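Q: Please take me through this structure one feature at a time. How should I read each one?

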Amino acid sequence: MTVDEKYMWRCLQLARNGRQNAKPNPMVGAVIVVPMAQQSSSATEYRIIGEGYHVRCGQGHAEVNAFASVRPEDESLLSQATIYVSLEPCSHYGKTPPCADLIIRKGVRRVVVGCIDEFAEVQGRGIKKLRDAGTEVTVGVLEEECKALNRRFFTFHRLHRPYIILKWAQTANGFIDDNGQPLAISNAFTQMLGHKLRAEEDAILVGRVTNEREHPQLTVRHWSGPSPKRLVVDRQHPLSLETLYHQNIQSLIVEGGRKTLESFLAQNLWDEIRVETNFSLTVNGGTRAPHLPANAVVISQQQYDNNIIVNYTITSKLPD
C-alpha cells in the first residue's frame, strides 16, 4: 500500500460517518498530513495534523472540518502539508463557500483527490482551480473505492433517477412465499440487517398485491435511523422515476412481489440486487423467486446461521 492509498483509506473511513446526515450531499472525508523529521530510515514518515468529514448537509464540508481541527501550533506546517480528500473539492458557492478556495488560501502544498465530482456544478472545476493557483494535484487514488462509496449520489446526478436496489428473500428451493401465503424467511439477525438497509436508503417500494396481502409497515423498527419514504405502485399508480428525481430521492429499495421485481428486471432498471436465501427452509409450492439476470455478478456474500445474503451488481458497473 502506498502512502497516498493509506491516507485515502482513512478519508473513506471518515466519510462513512456522514452516511445518515450528509444526504443529499455526498459522503466525503479529508485528512491533512505533514512530513516528520527524517529518521535513520530513508523512507519519509508522516503525521496527521487534521482530519474531518462532511457531517450534515448545509454545514461545513470535509475540508473545512479538517482545517478547523488543526491545532494553532501546527498552522505554520500547512505550507508543507498534503490534504487528502475522497471527492474533488467544490469550486462553487452553494450553502457553503468553495472548498477549493479555502485550500488555496491555506497554502497547502499538495492535494490528493480520490475521484472527480460528477455533480454538474463541479465536474473537474475544483481541480482546475487548484492547479491554476499552482497547487500540486494528484487525482484517482483509490478511485473505484471512492466512487463506490457515493454510487447513489453519482447515479442520481448522472442518470436523473435513484440508485435502485432490488431485494427479496427466498426458500432453499426458490420460493418467496408458501403457496401464496406470507412466509418468514429472514432470521432475527438478517431482519435487523434489512432494517439497517432501510435506514440508509431514501425510499422503499412494494406493489399493490404485496401491500394488500401482507400490509407491510416498511419502517425501521430493528435499527436506529429514519424510515424510508413508503411507495406503493400498481397500474393506476405507476412509478415515475422523474418524480422521484425531482423529490431528491437518491436511492430506492424495491421489495415488491415477483411481478413488481420482474418489471424492473425486464427494463434492466436496477443497480444492485440483494437476495437472502434460507437454506434450512423449503415449501412444496408457491411463488417462484425472480430469475437473476445474465449480467448480474456477485460483489459480496455473507452467511448468518442458515441464511446467506448475496449482493449482485451489473457486470458493466465493475471496475476494469
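Q: Which elements each supply at least two residues of the lining of the largest pocket?
A: They are β6 (163-171), α7 (188-200), α8 (208-214) and β10 (272-278). Helices (H or I, at least four residues) and strands (E, at least two) are DSSP runs, numbered from the N terminus. This is a predicted model: local features need pLDDT of at least 70, side-chain atom pairs count only at pLDDT 80 or more, and totals for chains, interfaces and linings use all residues. Residues are numbered from 1 along each chain as its sequence is written, and side-chain values use heavy atoms, leaving out hydrogens and water.

Q: What lies in the largest pocket, and which residues are nearest its centre?
A: Rolling a probe the size of a water molecule over the atoms shows where empty space is left. A pocket is an open set of points on a 1 Å grid over the protein atoms alone, where a 1.4 Å probe fits, with protein on both sides within 12 Å along at least five of seven lines; lining residues have an atom within 4 Å of a point. Here the space amounts to about 840 Å³. Lys-167, Leu-183, Arg-198, Glu-214 and Glu-255 lie nearest the centre, out of 32 lining residues. Helix α7 gives the largest share of the lining, five residues.

Q: What is the volume of the second largest pocket?
A: The second largest pocket has about 690 Å³. It is lined by 22 residues, and Gly-207, Arg-208, Val-233, Lys-259 and Thr-260 are the closest to its centre. Two or more residues come from each of α8 and α10 (258-266), with α10 giving the largest share, five.

Q: How are α3 and α4 arranged?
A: Two packed helices are described by the angle between their axes and the distance between the axes. For α3 (residues 99-106) and α4 (residues 125-132), the axes come within 9 Å and cross at roughly 20°. The two helices are therefore roughly parallel (angles under 35 degrees). Ala-100, Asp-101, Ile-103 and Ile-104 of α3 make the contact (heavy atoms within 4.5 Å) with Gly-126, Lys-129 and Leu-130 of α4.

Q: Where does the backbone hold a cis peptide bond or a positive phi?
A: Most residues other than glycine have a negative phi, and most peptide bonds are trans. The bond from Lys-23 to Pro-24 is cis, with omega near 5°, and Pro-24 sits in the loop between α1 (3-15) and β1 (29-35). His-215 has a positive phi, near 45°, and lies in the loop between α8 and β8 (229-233).

Definitions and conventions
Axes fitted to C-alpha atoms, helices over the stretch in contact; angles between N-to-C directions. Parallel < 35°, antiparallel > 145°, perpendicular 65-115°, else oblique. Points joined across faces, edges and corners; volume = space filled by probe spheres on them.
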